[in-house]
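User: I am new to this structure. Please take me through it in short questions and answers.

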Amino acid sequence: MENVQPDLINHFSNIKKEDIKWKNIKAEGLDLEYATILKKNIAHELMKQLQNSVEYFKDENLTKVKVFGKWHQIPREQSAYGDDGLKYKYSGITVYPKPWIEPLENTRNLIEKITGYRYNFVLINRYRNGLDYIGEHKDDEAELDIHTPIASLSLGQHRDFVLRHENSRKRKLGSSSLPTVKLCLEHGSLLLMNYPTNKFWYHSLPQRKKVPGERINLTFRKIRNIL
């Protein structure tokens with residue numbers, strides 16, 4: 001029997017905003033919403049399409065980031081797609097996104113339908129195995145529209161997502177210390193990072209040597225600057 005692949009556009013059109021069951025995570029300065037939005041077979045198909053179509057950065061100027069004044073190789077693969085005329089600066093590099101490709105544009109349209117927000121840029125991180133990671137950082141660049149939440153779609157290997165309040169990172173006597181927040185980001189799940197989360201909280205995806213599977217993460221953003 002012929003193996004019929006899921007029709008992503010048809011499936012996406014059948015997902016209803018009112019059917020999404022959100023989990024709310026809140027603390028001082030923290031506002032997150034989390035839900036599984038894709039069934040496993042659809043998430044598998046989307047991931048397969050992205051594996052076959054996303055072009056990751058090869059330019060040495062885009063595969064390193066500056067941390068505390070020193071350049072480091074990015075411990076994962078990265079790419080960006082978005083509307084024409086945008087740029088995004090972070091960690092000492094400037095990214096000009098590639099034009100939208102079909103699976104990413106279809107996913108953007110789905111997330112807009114679910115959240116009510118229109119995104120014009122997506123940063124893609126591919127974690128090849130459990131050794132790939134991203135260190136603590138804030139997504140608080142000046143180009144970002146702070147009133148549009150960052151929408152993070154996870155595909156593939158589940159991984160721990162860890163958040164720490166900025167005061168918990170300081171070693172000053174008398175500074176407040178809020179508990180670390182940890183989430184398991186599952187295959188086909190969407191995380192919304194609402195304002196003012198990125199003003200006060202750092203987040204990371206630590207190494208997990210015992211979970212060797214591949215993970216692709218799409219973080220949809222609203223960029224304000226136009227060239």
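User: Which backbone nitrogen does the side chain of N198 reach?

Analyst: This is a predicted model: local features need pLDDT of at least 70, side-chain atom pairs count only at pLDDT 80 or more, and totals for chains, interfaces and linings use all residues. Residues are numbered from 1 along each chain as its sequence is written, and side-chain values use heavy atoms, with hydrogens and water left out. A polar contact is a pair of N or O atoms within 3.5 Å; within protein, one must be able to donate a hydrogen and the other to accept it, and residues adjacent in sequence count only if both atoms are side-chain atoms. At 3.0 Å, the side chain of N198 reaches the backbone nitrogen of D139.

User: Is N198 buried or exposed?

Analyst: N198 sits in helix α5. Helices (H or I, at least four residues) and strands (E, at least two) are DSSP runs, numbered from the N terminus. Buried means under 20% relative accessible area, exposed over 50%, and partly exposed in between (1.4 Å probe, protein chains only). The relative accessibility of N198 is 9%, so N198 counts as buried.

User: Which residues is N198 in contact with, leaving aside its neighbours within four places in sequence?

Analyst: Contact means heavy atoms within 4.5 Å. With those neighbours set aside, N198 is in contact with K138, D139, D140, I150, M193 and H203.

User: How many residues line the second largest pocket, and which are closest to its centre?

Analyst: On a 1 Å grid over the protein atoms alone, a pocket is an open set of points where a 1.4 Å probe fits, with protein on both sides within 12 Å along at least five of seven lines; lining residues have an atom within 4 Å of a point. The second largest pocket holds about 220 Å³ of space. It is lined by 19 residues, and the closest to its centre are D139, D140, I146, Y195 and N198.

User: Which element gives the largest share of the lining of the second largest pocket?

Analyst: Two elements give two or more residues to this lining: α5 (197–200) and β15. The largest share is three residues, and they come from α5.

User: What is the omega of the peptide bond from Y195 to P196?

Analyst: P196 lies in the loop between β13 and α5. The bond from Y195 to P196 is cis, with omega near 10°.

User: How much space lies in the largest pocket?

Analyst: Rolling a probe the size of a water molecule over the atoms shows where empty space is left. Grid points are joined across faces, edges and corners, and a volume is the space filled by probe spheres set on the points. For the largest pocket, that space is about 800 Å³.

User: How many residues in the lining of the largest pocket are charged?

Analyst: The lining has 38 residues, with S91, I134, G135, E136 and H137 nearest the centre. Ala, Val, Leu, Ile, Met, Phe, Trp, Tyr, Cys and Pro count as nonpolar, Asp, Glu, Lys and Arg as charged, and the others, Gly among them, as polar. By class, 17 are nonpolar, eleven polar and ten charged.

User: What is the phi of S91?

Analyst: S91 lies in the loop between β6 and β7 (93–95). At 35% relative accessibility, S91 is partly exposed. Its phi is positive, in a residue other than glycine, and is near 50°.

User: How many salt bridges are there?

Analyst: Side chains of opposite charge can pair when their charged atoms come close. The rule for a salt bridge is a side-chain nitrogen of Lys or Arg within 4 Å of a carboxyl oxygen of Asp or Glu. By this rule, the count is twelve.

User: Which residue meets R126 in a salt bridge at 2.5 Å?

Analyst: R126 and E77 form a salt bridge, 2.5 Å from N to O. The pair links distant parts of the chain, with R126 in strand β8 (residues 121–127) and its partner in strand β5 (residues 77–82), 49 residues apart.

User: Which residues are linked with R126 in a network of salt bridges?

Analyst: R126 belongs to a network of salt bridges.

User: How far apart are the closest N and O atoms of R208 and D160?

Analyst: R208, in the loop between β14 (201–205) and β15, and D160, in strand β11 (residues 159–165), are 48 residues apart. R208 is partly exposed, at 26% relative accessibility. The two form a salt bridge, and their closest N and O atoms are apart by 2.9 Å.
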